Structure formats: C-alpha cells, structure tokens
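Here are a few exercises to work through with the model open in your viewer. Try each task before you read its solution.

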Amino acid sequence: MSLKGKTVLVTGGTGSFGQTFVREILKSQEPAKVIVFSRDELKQFDMQQAFPNEGRLRFFLGDVR
C-alpha cells in the first residue's frame with residue numbers, strides 16, 4: 001500500500017516503534033503530512049530536534065483515554 005500524498009496519523013509516535021515508523025515512511029513513502037500524536041512533551045521536543053527541516057511533520061500532545 002502506498003502512502004504517497006496521504007496524511008498519516010501515528011499514535012504513540014514518539015515511542016521506539018513510532019519513531020522508526022515515522023523515519024521509514026518519510027524516507028520511502030513520500031506522505032504529504034505525518035501527524036505524531038503522543039502524550040510525552042519531552043520526547044516530542046527531542047523528535048522535533050531529530051527532524052529539524054522536515055516540513056511534513058506535525059506534533060500534537062494528547063492522550064487517547
């Protein structure tokens with residue numbers, strides 16, 4: 001399945017799986033936008049620093065409970 005040009009929501013996006021998944025889809029799938037949803041503000045900040053010039057990434061704080 002191709003994600004080219006799609007918007008992708010990754011819940012738990014700052015966890016170990018989420019970070020690896022985001023990195024891979026940005027590199028190989030060419031999505032229009034990737035939304036990282038998690039409740040850890042520090043990990044979101046660290047992830048923003050790891051992808052400094054990636055305009056396709058958006059970060060949202062929240063909890064699905």
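The expected span of a helix is 1.5 Å times one less than its number of residues. Helices (H or I, at least four residues) and strands (E, at least two) are DSSP runs, numbered from the N terminus. This is a predicted model, where local features need pLDDT of at least 70, side-chain atom pairs count only at pLDDT 80 or more, and totals for chains, interfaces and linings use all residues. Residues are numbered from 1 along each chain as its sequence is written, and side-chain values use heavy atoms, leaving out hydrogens and water.

**Exercise 1.** Check the end-to-end span of H1 against its 13 residues.

*Solution.* At 1.5 Å a residue, H1 should span 18 Å. Its end C-alpha atoms are 18 Å apart, which agrees.

**Exercise 2.** Work out which residues of H1 are buried, and how they sit around the axis.

*Solution.* Start with the cut-offs: buried means under 20% relative accessible area, exposed over 50%, and partly exposed in between (1.4 Å probe, protein chains only). Gly18, Val22, Ile25 and Leu26 are the buried ones in H1. They cover an arc of only 100° around the axis (taken from the directions from the helix axis to the C-beta atoms), which puts them on the same side of H1. Over on the other side, Ser16, Phe17 and Lys27 are exposed. The buried residues pack against S1, S2, helix H2 (41–50) and S3.

**Exercise 3.** Find the largest nonpolar core and say where its residues come from.

*Solution.* A nonpolar core is a set of buried Ala, Val, Leu, Ile, Met, Phe, Trp, Tyr and Cys residues joined through side-chain atoms within 4.5 Å. The largest one has 12 residues, including Leu3, Val8, Ile25, Val34 and Phe59. S1 (7–11), H1 (16–28), S2 (33–38) and S3 (57–61) each supply at least two residues, and the largest share, 3 residues, comes from H1. Zoom in on isoleucine 25: beyond its neighbours within four places in sequence, its contacts (heavy atoms within 4.5 Å) are Leu3, Val8, Glu30, Pro31 and Val34.

**Exercise 4.** Compare where the partners lie in the salt bridges glutamate 24–lysine 27 and aspartate 63–arginine 39.

*Solution.* A salt bridge needs a side-chain nitrogen of Lys or Arg within 4 Å of a carboxyl oxygen of Asp or Glu. Glutamate 24 and lysine 27 pair at 3.3 Å, N to O; both lie in H1, 3 residues apart, about one turn of the helix. Aspartate 63 and arginine 39 pair at 3.6 Å, N to O. Aspartate 63 lies in the segment after S3 and arginine 39 in the loop between S2 and H2, so this pair ties together parts that are 24 residues apart in sequence.
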